[in-house]
Amino acid sequence: MPPNPILRFRKIYFSVRNNEDTIIHAAKHKATTEKLKRRRSMRWSCVDSCCWAIGYLCTAWWFVFFLYHSVPVPAMLQAPESPGTRLSRDGVKAFHPVVLVPGVVTGGLQLWEGQPCAEGLFRKRLWGASFTEILTRPLCWLEHLSLDSETGLDPPGIRVRAVPGLVATDYFAPCYFAWAVLIENLAKIGYEGKNLHMASYDWRLSFHNTEVRDQSLSRLKSKIELMYVTNGYKKVVVVPHSMGAIYFLHFLKWVETPTSNGGGGGGPGWCAKHIKAVVNIGPAFLGIPKAVSNLLSAEGKDIAYARALAPGFLDSELLKLQTLEHLVRMSHSWDSIVSLLPKGGEAIWGGIDSPVEEGHTCIYSKRKSSQPSLNDLHKQNFSIKPESWVKEPTKYGRIIAFGKRASELPSSQLSNLNIKELSRGGSTSNDSTSCGEFWSEYNELSRESIVKVAENTAYTATTVLDLLRFIAPKMMRRAEAHISHGIADDLDDPKYGHYKYWSNPLETKLPDAPGMEMYCLYGVGIPTERSYIYKLSTSSGKCKSSIPFRRDGSMDGDDMCLKGGARFADGDGSVPVTSAGFMCAKGWRGKTRFNPSGMDTFVREYKHKPPGSLLESRGAESGAHVDIMGNVGLIEDVLRIAAGASGQEIGGDRVYSDLITMSERISIKL
Amino acid sequence: MPLIHRKKPTEKPSEEVADDDSQQKPHESSKTHKKSNGGIEKGKWSCIDSCCWFIGCVCVTWWFLLFLYNAMPASFPQYVTERITGPLPDPPGVKLKKEGLKAKHPVVFIPGIVTGGLELWEGKQCADGLFRKRLWGGTFGEVYKRPLCWVEHMSLDNETGLDPAGIRIRAVSGLVAADYFAPGYFVWAVLIANLAHIGYEEKNMYMAAYDWRLSFQNTEVRDQTLSRMKSNIELMVSTNGGKKAVIVPHSMGVLYFLHFMKWVEAPAPMGGGGGPDWCAKHIKAVMNIGGPFLGVPKAVAGLFSAEAKDVAVARAIAPGFLDTDIFRLQTLQHVMRMTRTWDSTMSMIPKGGDTIWGGVDWSPEKGHICCGKKQKSNETRGEADENSSSKIKPANYGRIISFGKEVAEAPPSEIKNIDFRDAVKGQSIPNHTCGDVWTEYHDMGIAGIKAIAEYKVYTADAVIDLLHYVAPKMMARGAAHFSYGVADDLDDPKYKHHKYWSNPLETKLPNAPEMEIYSLYGVGIPTERAYVYKLNQSPDSCIPFQIFTSAHEEEEESCLKAGVYNVDGDETVPVLSAGFMCAKAWRGKTRYNPSGIKTYVREYNHSPPSNLLEGRGTQSGAHVDIMGNFALIEDIMRVAAGGNGSDIGHDQVHSGIFEWSERIDLKL
């Protein structure tokens, strides 16, 4: 930059000052100019001090920065030895090739072809990394990340694809690691590109569509076969995370199905031949209740809080943003969200009156709020406040309840609405046309039917699907061609050859691979959304809020289980224990109809321990859904398995939650 | 560091300001010193205050400019360019999309030497915190911060040519490996972007990144790169409905792919076991960009004295600078030690010996007029007038290395060679100051060096003996992986060994009559072809030879510049190396091409970018910049979309490649 103008300012300024100080008034300086100059000097001095302050700050900043870089890291701040280094010293070496399967949301997506508004973003990340595009061109961003609402594939003229390779998901955003810590530790014991593969896929699509559009499953198959051969015929250890767990279930079925039935044609022995173990991290085998609230009203826990604090703000038409509505529209176009809806219906998630987690105590929320030092809370908590629990067990079974009353009433008093027979009501009776051009199926719902849906009702895991089918018929029709949420009566029924059942562990058999091992590793000790209390949203302004339901953020129970309109159960913050652990603990344990070859299953839970100080950032002992990938205990287990250890050698089952009693209460035919 | 940045976003640009500031600060502060007397008297505006004031000003202005820059619409630079130079032609992707071309055949890119990124997987203490960071490619920040550490990590073991103990450097995988070499310096990015316009994406485009430091067979031994490439091509062909792949290798990737084609059909222990018709089944066309089929003379200079033209020119400008021991850097020696551990550099030593590259008294390019230089320097001369060109003594390109300018020009009868091969390597070590830098010159002694210089003239055959003599260890390692000869009988069973696979003169092309081989390269840029050397007398230097940079011809059109004889080419690869195989040796049914694969030669005349705004130009013919050449991209896209050689216009020749090829007397 040219320094000239600045220097000139400086000169003027100093000359003015000199004149003042020395009080030498040259004859040529007339009074008027003097005045002018004086005024000028006043003005400049203000700007000057601003500049001075900024300069001062900058200099101080650089100085600190320089110190920070030049001072060696003190011993106390040095990170404890990573599990990889320790194990490497113990002689643990890379043995089995490792395949990582990322979950929903954590995988990066990049643009390959876009509308004019996305100019210059070719092969830049739209999802993941810094998300700057949301801020600079939000509507454009939404348009590109949405899928076609009819087909669930690309809209015309837009191609957004998964980022391939390890970079796809090692860091979700800068400094927010997803797989990076695990990868680094694997590298310490000798893993590298040739025996470590990230099976990234476009997580917005339904699983079958990833094969149709991108051939992701074929690529994964070819990659596993290649690694098996090039690593001296050693079987592969697969490490799926979150939704990746059900994606990989889908793959297991797909790969052994003959090509004529839309499979991979690997033949019946493929899994037995190529896979040593599937180490599921925080698996969402039976779905997550969070998905329901996402689809109903695009609300996560955090949004509901925000809404409770500033009602109307998110719904207002300020700047024509309609944030939530846009989010609903976008997430409705993603089939994969539907795949995360609770599976197994009332048998798993509990009916109107019979929750699975009966008598569960919400200890962790307390730990979170004020008493982090409490240990072994199960017993203590009972002694502290016993009555309320015994009297009124939380009715987790009602995943969606309209009003708190409905969530607590005995079932006999609930209105008996048969949602399947309810008509959606012809054309809209209200003038919602002014709500802008964006699509959401709520516009077609009549107010009456909405009220009827919400009248004093509660929905269980089974009926909640009906509710969604009623509210968003197009989306569910599209998605349910790819995903099923039921429980199979007879697994040998030929209809289960269809791909839509493959990702549901309750409707498929595990492959015939007795030597394979299934692990369920997940965190516990964090309150996890399990059911919700909803209310009708009162429309404000001239435009009816397009989302007719919202979570009742004002609902806070005396007990800790109810907060901000959601009831919490034990889990890792996203996936409740039931969903993550049930299959390994019971559904697949031993020789069952879901696991005909009797492969070994192991459940390993990791108790959540929040980071002790800010320096630890996200903690080495976290149990949270994503942070658990940095959990030292989990990493060590994964490393040992990859180096050839079996489930018994790493210590078999380890359970902290009441998973076992919960599973006992679930009665499904095995 | 990034974490802290994020906490204080407003401070973000401060880093950039820092250096531009540090240059101005002392200057400015001294100025303010003098001027701010009044301030000091008042005790209000001290020197520090003024400094702060100045820094503040700079920062504010900087932020303001940055803000303007960010707020500027993305199409602004393009708009300016169009206003100045007139409307730009449509990029080929857009143009061909309008024509209705669609992605058809899967495309495989094979990057060349140097352009592929390398990242760290395991390192020494000094490389802490660089895990999975790029050591090669990207910003090269580490070269400045910890040069010795960097050299140590980039070197390979000099016995095995594989990883040194405790260090694992691996190729970056995926398209990111070689789309940009450094920020803003594209390699494959332009081609990728254009292919994407007609519907290509990750599933039908694949970057076969490999560790380019290793010998070709070692990439398979260590990383199974060839197996992966095979599996990926098979996968892409099967998932794209059985459409065969179009392979686009660049530079050394060309040799690498030659090696691959032999490897994939060879039986299992040494080869890939794909069976004799693998190539016929899976490959539609090989579109070699700037391929050094027969090697590049540059490689000789690089191995012999770690010099290329640029280094030689730098040396001519500031003699002694590069050799001095300031800071104990010994740059060239370190570079030499590092590059000598890389087997791949030996794959580019000129192949075919005197038959191809010419002997003491002849060369295929005889009579070439170096008018290429003219384009670069100035246009005032107009067309090359016959008189001046005839005055110039014809360059003896066959003498790849000659000691002294007189020798380079002397008639062959006057050259007396004393055979250096038998010269005893002297015990007396020329100097002891070379420190811990390892080069094999230590072992040679003065007698050996003398013997080399007295041999005077080295042709392509003799150059290989020369390298064997000066660097026996390196060449012994390399001889296990590469061969530089011409085969007498291609059916000799010895040619089944992998070391012959990357030499087109010692292998047959696969049996795939429907395949097509293209040779696409730039012409019109002077390219190194032969060197004039001298003994290095400087006591500090560990490298006893250097290019004789003061060997000059006064005439504008002379081919001799700063000790280097230039010939037509793309600045790195001479036309002969890039074009000969496709123009003659593989043309029709020859013994190198038994199934009669069709070959095409397409040359792209270099025309430098007309102004700075064009960046590296859309009509460049330079070795790497040609990847942004619109005509070349269009050709590749047409073939990828299903076209064949006659669709894109058969041969397109600007240089004298056919004439020169005729002069080469090779059994076909």
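I began with helix 7 (residues 207–214) and helix 8 of chain A in this predicted model. Their axes come within 6 Å and cross at roughly 85 degrees. I therefore logged helix 7 of chain A and helix 8 of chain A as roughly perpendicular to each other. Next I listed the contact residues. Helix 7 of chain A supplies Phe207(A), Thr210(A), Glu211(A) and Asp214(A). Helix 8 of chain A supplies Ser216(A), Leu217(A), Ser218(A) and Arg219(A). By type, the residues of this contact are 2 nonpolar, 3 polar and 3 charged.

I then looked up Asn231(A). It sits in the loop between helix 8 (216–230) and strand 8 (236–240) of chain A. Is Asn231(A) buried or exposed? I found a relative accessible area of 11%, so Asn231(A) is buried. Setting aside neighbours within four places in sequence, I noted contacts of Asn231(A) with Pro97(A), Lys194(A) and Asn195(A).

I also checked helix 11 (residues 290–297) of chain A. It is mostly covered, with 6 of its 8 residues buried. Among them are Val292(A), Leu295(A) and Leu296(A).

Cysteines came next. How many disulfides are there over all chains? I count 3.

I took Cys117(A) and Cys140(A) to begin with. Their sulfur atoms are 2.2 Å apart, and the two form a disulfide. The link is right-handed, with 85 degrees about the S-S bond. Cys117(A) lies in the loop between strand 2 (109–113) and strand 3 (125–127) of chain A, and Cys140(A) lies in helix 5 (residues 138–145) of chain A, so the pair ties together parts 23 residues apart in sequence. Cys117(A) is partly exposed at 32%, whereas Cys140(A) is buried at 8%.

I moved on to Cys520(A) and Cys584(A), joined with S to S at 2.1 Å. The torsion about the S-S bond is about 65 degrees, so this disulfide is right-handed. Cys520(A) is in strand 12 (residues 517–524) and Cys584(A) in helix 23 (residues 577–587) of chain A, so the pair ties together parts 64 residues apart in sequence. Cys520(A) is buried at 0% relative accessibility, and Cys584(A) is buried at 0%.

Cys126(B) is partly exposed at 31%, and Cys149(B) is buried at 8%.

Finally, I looked at cysteines without a partner. Cys58(A) is in no disulfide; the nearest cysteine sulfur, that of Cys59(B), is 3.3 Å away.

Technical notes: Residues are numbered from 1 along each chain as its sequence is written. Chains are lettered from A and ligands numbered from 1 in the order in which they are written. This is a predicted model: local features need pLDDT of at least 70, side-chain atom pairs count only at pLDDT 80 or more; totals for chains, interfaces and linings use all residues. Side-chain values use heavy atoms; hydrogens and water are left out. Helices (H or I, at least four residues) and strands (E, at least two) are DSSP runs, numbered from the N terminus. Buried means under 20% relative accessible area, exposed over 50%, partly exposed in between (1.4 Å probe, protein chains only). Contact means heavy atoms within 4.5 Å. Axes are lines fitted to C-alpha atoms, for helices over the stretch in contact, and angles run from 0 to 180 degrees between N-to-C directions. Angles under 35 degrees count as roughly parallel, over 145 as roughly antiparallel, 65 to 115 as roughly perpendicular and the rest as oblique. Ala, Val, Leu, Ile, Met, Phe, Trp, Tyr, Cys and Pro count as nonpolar, Asp, Glu, Lys and Arg as charged, and the others, Gly among them, as polar. A disulfide is a pair of cysteine sulfur atoms within 2.5 Å.
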